[in-house]
Amino acid sequence: MSDSPRPGPDGGPGFPAARPTPLAAMLAVVAAGGVVGALARAGTLAAFPYRPTAFPWSTFAVNVVGCLLIGVLMVLLTRVWTDRPLLRPFLGVGVLGGFTTFSTYVLDVQQALRAGAPGTALAYLGATVLAALGAVWLGDAATGWLLDRSRAGGSAR
């Protein structure tokens, strides 16, 4: 691949041609991030165990916090860290993908149902979806707002 600049959208000077990220590097950073995220999740779930009939607050918290951080990360990757091709696979797919655990969420719902706690299962089922979506939106909106204010030189009055 050539390092010569590509023309810009208006035909004027452009940017240097992007080099593709090697697949091996991509897989390595996803794996490394996944280890970090999974260990953080496992530590959280081990520190805060729950009975099958109780609301699984630790899994709920892991998923909601992970979704909030995904919202923050996507804004930062698209507006601040645009030139770091391995950051999204490391942090987004690896760390946060390993940290969040929607497979455990589904198992928790199933265990609550089997343990005779359909109300807990239903509350957890709905609350997780709503809180996770809300957390992604909040992370995205708050980070975008903070970036806009910092770039405009604004301060709270």
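Tutor: In this predicted model, helices are DSSP runs of H or I with at least four residues, strands are runs of E with at least two, and both are numbered from the N terminus. Read along the sequence with that rule, the chain follows the pattern α-α-α-α-α, and the tally is 5 helices and 0 strands.

Student: What makes α1 and α3 roughly parallel?

Tutor: The axes of helix α1 (residues 23–47) and helix α3 (residues 87–99) cross at roughly 30° and come within 6 Å. Angles under 35 degrees count as roughly parallel, and α1 is therefore roughly parallel to α3. As for its hand, the crossing in which α1 passes α3 is right-handed.

Student: Which residues of α1 and α3 make the contact?

Tutor: Contact means heavy atoms within 4.5 Å, and on the α1 side the residues that make it include Met26, Val29, Val30, Gly33, Gly37, Ala38 and Arg41, while those of α3 include Phe90, Val93, Val95, Gly98 and Phe99. By class, the residues in the contact of α1 with α3 divide into 12 nonpolar, 6 polar and 1 charged, with Gly counted among the polar residues under the rule used here.

Student: Why is Ala38 called partly exposed?

Tutor: Buried means under 20% relative accessible area and exposed means over 50%, with partly exposed in between; Ala38 has 26% relative accessibility, so it counts as partly exposed. Ala38 lies in helix α1 and, leaving aside residues up to four places away in sequence, touches Gly98 and Phe99.

Student: How far apart are Ala38 and Val95 in sequence and in space?

Tutor: Ala38 and Val95 are separated by 57 residues in sequence, whereas their C-alpha atoms are 7.4 Å apart in space. For the chain, 66% of the contacts with a separation of 6 or more are between residues 24 or more positions apart.

Student: What share of the residues in the chain is buried?

Tutor: With buried meaning under 20% relative accessible area, buried residues make up 29% of the 157 residues. The accessible surface of the chain is about 9700 Å², and 70% of that surface belongs to carbon and sulfur atoms.

Technical notes
Residues numbered from 1 in each chain as written. Predicted model: local features only at pLDDT ≥ 70, side-chain atom pairs only at ≥ 80, totals over all residues. Heavy atoms only, no water. Axes fitted to C-alpha atoms, helices over the stretch in contact; angles between N-to-C directions. Parallel < 35°, antiparallel > 145°, perpendicular 65-115°, else oblique. Left-handed = near helix turned anticlockwise from the far one by under 90°. Buried < 20%, exposed > 50% of the residue type's maximum accessible area, 1.4 Å probe, protein only. Areas by Shrake-Rupley, 256 points an atom, 1.4 Å probe, with all protein chains shown as cover.
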